[in-house]
Amino acid sequence: MRLDKYLKVSRIIKRRSVAKEAGDGGRVTINGKPAKPASEVKPGDVLEIRFGDKYNRYEVLAINERAAKAEASSMYRVVFGEDDL
């Protein structure tokens, strides 16, 4: 699945346009490598996202084309979040 779509479906980022901007702006990495919005995401990948001074790391657990709000958080695991600082 494309990175921008995954971020939207999983609700890590609420809007796909914002997810695309994050990828274009170099604020997202997949397994430590800079990622573009069209980069492929698969289970086991580690996503790192920076927004300003906020930094979060997520492990991709599942890829779903659609997810209800209650199910979205089961698509990833927070490895490191701003609350861990």
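**Close-up legends**

View 1. Phe-80 is partly exposed, with a relative accessible area of 24%. Buried means under 20% relative accessible area, exposed means over 50%, and partly exposed covers the range in between, for a 1.4 Å probe and protein chains only. The model is predicted: local features need pLDDT of at least 70, side-chain atom pairs count only at pLDDT 80 or more, and totals for chains, interfaces and linings use all residues. Residues are numbered from 1 along each chain as its sequence is written, and side-chain values use heavy atoms, with hydrogens and water left out. Rings of Phe, Tyr and Trp (its six-membered ring) form an aromatic pair if their centres lie within 6.5 Å; planes under 30 degrees apart are stacked, over 60 edge-to-face, and the rest tilted. Two aromatic pairs are counted under this rule. In one of them, the ring centres of Tyr-55 and Phe-80 are 5.5 Å apart and the planes are at 55 degrees, so the pair is classed as tilted. Tyr-55 belongs to strand S4 (residues 54-60) and Phe-80 to strand S5 (residues 76-80), so the pair ties together parts 25 residues apart in sequence. Helices (H or I, at least four residues) and strands (E, at least two) are DSSP runs numbered from the N terminus. Tyr-55 is buried, at a relative accessible area of 15%.

**View 2. Tyr-58 and Tyr-76 form an edge-to-face aromatic pair**. The centre-to-centre distance is 5.3 Å, and the planes are 90 degrees apart. This pair links distant parts of the chain: Tyr-58 sits in strand S4 and Tyr-76 in strand S5, 18 residues apart. Tyr-58 and Tyr-76 are both buried.

**View 3. Five strands make up an open sheet with antiparallel pairing**. The strand order is S2-S1-S3-S4-S5. The edges are strand S2 (33-34) and S5, each with a single partner strand, so one side of each has no neighbour in the sheet. Two strands count as paired if DSSP finds at least two bridges between them. Strands of a sheet pair through backbone hydrogen bonds, either parallel or antiparallel. Three bridges connect strand S1 (residues 28-30) with S3 in an antiparallel arrangement. Thr-29 stands opposite Glu-48 in S3.

**View 4. S3 and S4 form a hairpin with two residues between them**. In the turn, Gly-52 has a positive phi of about 65 degrees. Six bridges join strand S3 (residues 46-51) to S4, and the two run antiparallel. Val-46 is placed opposite Glu-59 in S4.

**View 5. Ala-35 lies in the loop between S2 and S3**. Its relative accessibility is 3%, so Ala-35 counts as buried. Setting aside residues up to four places away in sequence, Ala-35 touches Leu-3, Gly-23, Val-28, Thr-29 and Ile-30. Contact means heavy atoms within 4.5 Å. Between the C-alpha atoms of Ala-35 and Glu-48, which are 13 residues apart along the chain, the separation is 9.7 Å.

**View 6. Asp-4 is located in helix H1 (residues 3-9)**. Asp-4 counts as buried, at 3% relative accessibility. Its side chain makes a polar contact of 3.0 Å with the side chain of Arg-2. A polar contact is a pair of N or O atoms within 3.5 Å; within protein, one must be able to donate a hydrogen and the other to accept it, and residues adjacent in sequence count only if both atoms are side-chain atoms. Apart from neighbours within four places in sequence, Asp-4 is in contact with Arg-16, Ala-19, Lys-20 and Pro-37.
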